[in-house]
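Have the model open and follow along.

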Amino acid sequence: MILSVFKDKRKLFPFLWFFTPALAGFLKWRLGEVNNYNIFTGVYHHLIEGLNLYDLYPKEYFDSNHYGPLFSLIIMPFTYIPNGIGIPLWNCLQAFALYKALTLLPIKPAYQWILLAICLVDLNTSSHSVQVNPTVVAFIIFSWHFVKKDQVIWATLFVMLGAFVKLYGIVGLAFWVFSESKIKYIAYCFLWAIVLFVLPMAISSPSFIVQSYLDWYNSLVHKNIQNQGVENGMGTSMQDVSLMGLVRRVGGFPQLSNLFFIIPGFILQVMPLLRFKQYKNILFQLRYLASLSIFVVIFSSSSESPTFIIAVTGVAIWFITQDFPIQKWVWVLLITVTVVTSLTATDIFPDWLRMKIILYSIKAFPCCLVWFACIYQLLFDETSEIKTLWINQD
């Protein structure tokens, strides 16, 4: 029974998908490295006590919270579970959300392990930091999936959930262009925004929640400055592992504004949507989903090593949309992502090299290349002529 799991990759990768996050959570608890988890559970306790959700609490943890007030309700059940159980369970929940999202993609069941294999290392990296990023990218995929199914009530729910937890999920609004019910989509967006805005008021006062949203905004503005390292004229943060960070740090331009990158990046990201005739094509939609998942990471100064599960998931989706047989340059990009983006977060690389790759934002470079390649294909490929081995194009 056990041997059969390790002989069949279709069983092996789902097994590893849940085992490694659970193990990472258990090890973190045993080693007492639970700072991020303490921040998460602290959000709920501070909300109940009416304390600023974004202040520093050095007696409880270092760093500060950067998630929305709604997150207090998501983490609430875990605050009543001992950490030795709660942390592995939290990691498994993140893994399950992304696993479910990936299995909803129109990929033939026999080949779903390919997606899991590409994303597994970065899932583990995120799990070692007890992060919420796997769920963030799962929400983005869910928002596309339910648009495809014309279930806009669910599609808009996941967009708003993502936005109210970590903002990244807001990119799911782009899938509105693929919706058959555009007016209903907009209406449900407003409805869910109102519901999720007021929902934390069930365990706190309205005035405190409103103030908390203002505090959240201010904390993100300050975090953006810290991430770039412009407070001391140096880009030495473990964050800003992005296209902007790469240019700032390798090029030696620490004061260079994000806008010089985000504005042209946004223009490139929306340009494929001018190809209206491609909207019905499943490969075009999947590639757009892939490009958005990468975009939200490589154009964010908040990106750090554990965040790249979002971008690498986009890389995996992009890879399975390629024409078959796979061209050499596609394999080169995938291998480069695997080595430079994914494996550099592991002990395969010595500490000094790993730190250089992160501090100089080189980790983001392969994903940037894939994003440009994906945008190029979205702009110029005739997706109706592409034949893939893995995708159900019906």
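## How H7 and H14 pack

Helix H7 (residues 133–148) packs against helix H14 (residues 308–320) at an angle of about 40°, and their axes are 8 Å apart. Helices here are DSSP runs (H or I, at least four residues), numbered from the N terminus. Axes are lines fitted to C-alpha atoms over the stretch in contact, with angles running from 0 to 180 degrees between N-to-C directions. H7 and H14 are therefore oblique to each other (under 35 degrees is roughly parallel, over 145 roughly antiparallel, 65 to 115 roughly perpendicular, and the rest oblique).

On the H7 side, Asn-133, Pro-134, Val-136, Val-137 and Ile-141 meet Ile-309, Ile-310, Thr-313 and Ile-317 of H14, where contact means heavy atoms within 4.5 Å.

## About the model

This is a predicted model, in which local features need pLDDT of at least 70 and side-chain atom pairs count only at pLDDT 80 or more, while totals for chains, interfaces and linings use all residues. Numbering starts from 1 along each chain as its sequence is written, and side-chain values use heavy atoms, leaving out hydrogens and water.

Thr-20 sits in helix H2 (residues 9–31). At 18% relative accessibility, Thr-20 counts as buried (under 20% relative accessible area is buried, over 50% exposed, in between partly exposed, with a 1.4 Å probe and protein chains only). Leaving aside residues up to four places away in sequence, Thr-20 touches Leu-120 and Asn-124.

Ile-194 belongs to helix H9 (residues 182–198), and is exposed, with a relative accessible area of 54%.

How values were computed. Helices (H or I, at least four residues) and strands (E, at least two) are DSSP runs, numbered from the N terminus.
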